Amino acid sequence: MNKRWLRLIATLAAPVAFAQSGPTAPPVFDVASIRACQNGGSSAKNSPGRLAVSCFSLRKLIQDAYEIFATGQVDPRNPSFPTMPIEGAPAWLDSESYTIEAVTNAPASVPMMRGPMMRALLEDRFHLSLHRETREVPVYALTQSKAGAKLTPSQPGSCVPITAGEFLTPRKFAPGDPPYCAATPPHRQGDLFIWNVRGIDLDLFCSLIHIDRPVVNRTGLTGLFDIDLKWESENPADGGPGGSLMEAIRAQLGLHLDPATGPREFLVIDHIERPTGN
């Protein structure tokens, strides 16, 4: 697996609730510096007890804190992508970015710093308050065809689960070793899209299908599967998968995407300001 996918895997985790319960407050940074970023691409160089993210947009900071790393952990089996739309955001949600450097004296993992501790920092320095809403919206329901699904169950040992320890130090694979059990996105190969995932459940698979509406799993199927898909781009110039992905799912997996309604979660910003000084 190349370094690009390892970096992708290391930054993803399954979406979860961000509300905190119980009397224990999440840890906070001892010292934090926030600076507006004018130029340059985003990057992160984190280590336990030290956070350094460069040129992250406000959207990315919120997605990290309230969805991707919300529990302060990395999902050890199936990382995922941010899926909750953000509403009520200011115009600078994407246009302004920030470099944040922070340290803590208490032991803190990178997911804890990118999640609960970043959440506390946003609420303190950006005066952020938000809530989550669940609404009924148009979706596609993933269902089995009349002939039944054509899915390959994952076999024990066919892929390697991602452990929390590999978040910072991914293992080195030898030729012939099984790959990570990971949900990586499709990639282009000429005019074809190729999508190969290992050790994935259908709920997560649905969350990774990016078309014109969310997809929910109504197949009734449980367990983990290895999924291999190929489909042609409807418009090779823009690289959009379009309806040909839906046809590939039907023909190659024995599954349908039927228009329906279903729940979707939203993050709704009630208040936010540009950050206070360091």
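Modeller: A quick note first: residues are numbered from 1 along each chain as its sequence is written, and side-chain values use heavy atoms, with hydrogens and water left out. As the model is predicted, local features need pLDDT of at least 70 and side-chain atom pairs count only at pLDDT 80 or more, while totals for chains, interfaces and linings use all residues.

Biologist: What makes R114 and D64 a polar contact?

Modeller: The term needs a pair of N or O atoms within 3.5 Å; within protein, one must be able to donate a hydrogen and the other to accept it, and residues adjacent in sequence count only if both atoms are side-chain atoms. The side chains of R114 and D64 are joined at 2.9 Å.

Biologist: How do you know which kind of aromatic pair F193 and W231 form?

Modeller: Rings of Phe, Tyr and Trp (its six-membered ring) pair if their centres lie within 6.5 Å; planes under 30 degrees apart count as stacked, over 60 as edge-to-face and the rest as tilted. F193 and W231 are 5.4 Å centre to centre with 15° between the planes, a stacked pair.

Biologist: And what makes W195 and W231 an aromatic pair, and of which kind?

Modeller: Their values are 6.4 Å centre to centre and 65° between the planes, which is edge-to-face. Both W195 and W231 are buried, too.

Conventions: Buried < 20%, exposed > 50% of the residue type's maximum accessible area, 1.4 Å probe, protein only.
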